[in-house]
Amino acid sequence: MENNLAPIVIFAFNRPRHLKETIDYLKNNELASESNLYIYSDGANSVKDIEKVSKVRKYLKTIDGFKSINIIERKKNFGLANSIIDGVTSIVNQYGRVIVLEDDLITSPYFLNFMNDGLELYESESKVCQIMGYSYIEAYKDEFNLEDTYFIKGADSLGWATWKNSWRFFNNDSYELISIIEKNKLQKIIDRNNSYGFMKILNQQAQGNIDSWAIRWLASACVNNLYTLYPLKSLVFHTGNDGEGTNYNNKIGKLDPLKVPLNTTKKINILKKEVIEMENTTIAYNKFLKRYETALWTRIKNKLGRMISK
């Protein structure tokens with residue numbers, strides 16, 4: 001498998017401290033030195049960003065510890081959504097597979113193992129669109145007898161991997177997605193049986209109130225009946241809830257759904273299983289969504305959907 005390791009893509013903007021932490025943790029992964037790293041550095045959105053963007057780019061020139069390091073400096077500000085869509089499309093079309101991180105995610109030493117093992121094991125499984133590193137529902141393990149890995153219908157966005165054949169399903173057109181969902185009566189599928197209002201977010205995207213690649217990726221996966229593989233113990237931890245930066249300014253405290261334990265002690269061995277969302281997983285995941293509805297809305301609106309007005 002070492003000869004077919006997926007390239008890693010990191011999207012950075014104006015947070016040098018967060019980015020350095022992301023890189024430091026990633027370098028501790030077993031497969032880091034054998035992996036090609038691409039970093040997209042977004043351009044300044046205003047005068048106030050120039051100094052921090054410059055610090056990011058100065059730091060990028062000091063990075064080592066990977067098979068190759070490739071830095072793409074945007075001449076203008078793409079914004080998170082456009083940068084990710086463009087960057088993922090470019091790299092996945094070149095390599096056939098890709099691992100994706102943002103500059104406020106730290107990873108377990110076993111993150112790259114899980115991503116690459118999952119990509120290898122499920123590459124020919126047409127119903128799987130994504131391997132996910134972040135997980136929400138470990139706290140429900142005993143209550144619902146959850147397994148070490150599980151499938152959820154749809155797609156996600158915090159530390160993930162995909163293939164060219166899966167990313168081709170990404171639909172950039174929110175209105176078209178809404179039309180397909182309404183025509184095929186998939187609203188309850190998208191909203192997790194009314195557990196959370198993802199359709200509300202997709203409509204806000206269509207109306208131009210937010211700019212979220214992630215809600216379009218989720219909807220694209222759902223309308224095509226695609227699934228994501230998750231580890232029960234999270235291999236990714238989100239550090240961007242400290243108010244620094246432009247995309248996430250979360251003041252929801254203990255309700256923050258991104259505060260999950262990072263698995264640093266156990267490598268997860270992936271065994272191929274039927275691609276289906278098990279009933280106990282569905283109950284646990286939907287329970288999580290209902291419990292953290294306010295927190296998740298804050299996360300999606302601020303972290304994944306930068307407001308157009310900014």
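The briefing below covers the sheet, one of its strands, and several helices.

This is a predicted model, in which local features need pLDDT of at least 70 and side-chain atom pairs count only at pLDDT 80 or more, while totals for chains, interfaces and linings use all residues. Residues are numbered from 1 along each chain as its sequence is written, and side-chain values use heavy atoms, with hydrogens and water left out. Helices (H or I, at least four residues) and strands (E, at least two) are DSSP runs, numbered from the N terminus.

**The sheet**

- Eight strands form an open sheet with mixed pairing, in the order β3-β2-β1-β4-β8-β6-β10-β7; two strands pair if DSSP finds at least two bridges between them.
- Its edge strands are β3 (68-73) and β7 (149-153), each of which pairs on one side only.
- On average, neighbouring strands of this sheet are turned by 25 degrees against each other, direction ignored. Axes are lines fitted to C-alpha atoms, for helices over the stretch in contact, and angles run from 0 to 180 degrees between N-to-C directions.
- Helix α2 (residues 50-60) lies across β1 (8-12), β2 (36-41) and β3, and runs at about 165 degrees to β2.

**Strand β8**

- Strand β4 (residues 97-102) is antiparallel to β8 and joined to it by four bridges, with Val-100 opposite Trp-160.
- Strand β6 (residues 128-132) also pairs with β8 in the antiparallel sense, over two bridges, and here Ile-131 stands opposite Ala-161.
- In a regular strand, side chains alternate between the two faces of the sheet.
- In β8 (residues 160-163) both faces are covered: Trp-160 and Thr-162 on one side, and Ala-161 and Trp-163 on the other, are all buried (under 20% relative accessible area with a 1.4 Å probe, protein chains only; exposed is over 50%, partly exposed in between).

**Helices α7 and α9**

- Helix α7 (residues 174-183) packs against helix α9 (residues 198-206) at an angle of about 140 degrees, and their axes are 8 Å apart.
- The contact (heavy atoms within 4.5 Å) includes Leu-177, Ile-178 and Ile-181 of α7, and Met-199 and Leu-202 of α9.

**Helix α10**

- Ten of the eleven residues of helix α10 (residues 213-223) are buried, among them Trp-213, Arg-216 and Trp-217.
- At the start of α10, a side-chain oxygen of Ser-212 comes to within 3.3 Å of the backbone nitrogen of Ala-214.
- After α10 comes Asn-225, with a positive phi near 60 degrees.

Methods. Polar contact = N/O pair within 3.5 Å; in protein donor to acceptor, adjacent residues only side chain to side chain.
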